[in-house]
Amino acid sequence: MLTAGREMGDIHFWEELAKLAPIGTAAVALLALITTVVGVIVALLNLRFQSQTARRRATIDFFFKTEMDENTFKIYNDFRAELPNIAAIVSRPVLKHTDADYIALIKWLNICEMLAMGVRSKAFSDPVAHQYWGYVIPDSYNRTRLFIDRVRRTPNIDAGPKSFWDLQKLSEEWDQRADD
């Protein structure tokens with residue numbers, strides 16, 4: 001060990017100091033490792049925060065554009081006007097994608113599906129979307145469930161068995177959240 005009174009020119013001083021070099025090297029390496037780990041953690045937290053912020057902005061932008069678009073009001077009003085007719089629509093022998101009532105329902109459901117797909121794929125913020133349309137999504141799905149089932153079963157309508165799948169799943173999640 002280093003002892004007091006040794007001169008720096010003394011060879012034994014340097015030999016004793018050299019014995020401590022591995023400890024110093026390990027300490028510097030440990031400090032570098034800790035600094036790197038902290039840097040990575042800070043970077044990951046920053047990335048997560050940036051992603052959440054981007055999702056929130058995208059969601060708000062979607063709602064802002066939807067609410068400001070006058071055509072959306074017409075689409076929604078046309079949708080609401082057809083809700084009482086769903087039983088008659090689904091009981092028709094043939095459902096066509098050119099039928100006015102079909103178009104009125106599909107346009108609004110497509111908007112809902114777009115939001116649901118964005119939330120479920122994490123492009124949109126679930127909490128922001130739920131806070132704003134937490135009732136609209138389940139209500140739109142639940143009130144048109146018979147129509148959606150008919151669309152899923154109708155061949156040659158450019159739909160299929162997975163039509164409005166994201167809307168269904170998000171509606172079920174949000175319905176359950178409302179019950180909790």
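This is a predicted model: local features need pLDDT of at least 70, side-chain atom pairs count only at pLDDT 80 or more; totals for chains, interfaces and linings use all residues.
**View 1. Helix 4 and helix 5 make a left-handed crossing.** Residues are numbered from 1 along each chain as its sequence is written, and side-chain values use heavy atoms, with hydrogens and water left out. The axes of helix 4 and helix 5 come within 9 Å and cross at roughly 150 degrees. The two helices are therefore roughly antiparallel to each other (angles under 35 degrees count as roughly parallel, over 145 as roughly antiparallel, 65 to 115 as roughly perpendicular and the rest as oblique). Axes are lines fitted to C-alpha atoms, for helices over the stretch in contact, with angles running from 0 to 180 degrees between N-to-C directions. Helices are DSSP runs (H or I, at least four residues), numbered from the N terminus.

**View 2. Lys122 sits in the loop between helix 4 and helix 5.** Take a look at its backbone: phi of Lys122 is near 70 degrees, a positive value in a residue other than glycine. At 58% relative accessibility, Lys122 counts as exposed (exposed is over 50% relative accessible area, buried under 20% and partly exposed in between, with a 1.4 Å probe and protein chains only).

**View 3. Helix 4 also meets helix 6, residues 136-143.** Their axes come within 10 Å and cross at roughly 130 degrees, which makes helix 4 oblique to helix 6. Helix 4 passes helix 6 in a left-handed crossing. On helix 4 you will also find Lys107, a partly exposed residue with a relative accessible area of 44%.

**View 4. The largest pocket is lined by 11 residues.** Among them, Arg55, Phe124, Ser125, Asp126 and Pro127 lie nearest its centre. A pocket is an open set of points on a 1 Å grid over the protein atoms alone, where a 1.4 Å probe fits, with protein on both sides within 12 Å along at least five of seven lines; lining residues have an atom within 4 Å of a point. About 190 Å³ of space lies in this pocket, the volume being the space filled by probe spheres set on the points. Helix 1 (11-68), helix 4 (100-120) and helix 5 (126-133) each supply at least two lining residues, and helix 1 gives the most, with 3. By class, the lining has 3 nonpolar, 2 polar and 6 charged residues (Ala, Val, Leu, Ile, Met, Phe, Trp, Tyr, Cys and Pro count as nonpolar, Asp, Glu, Lys and Arg as charged, and the others, Gly among them, as polar).

**View 5. Arg57 in helix 1 is exposed.** Its relative accessible area is 60%. Arg57 and Phe124 are 67 residues apart in sequence, yet their C-alpha atoms are 8.2 Å apart in space.

**View 6. Asp139 in helix 6 counts as buried.** Its relative accessibility is 16%. From Asp139 to Ser171 the C-alpha distance is 8.0 Å, for a sequence separation of 32 residues.

How values were computed:
A crossing is left-handed if the near helix is turned anticlockwise from the far one by less than a right angle, and right-handed if clockwise.
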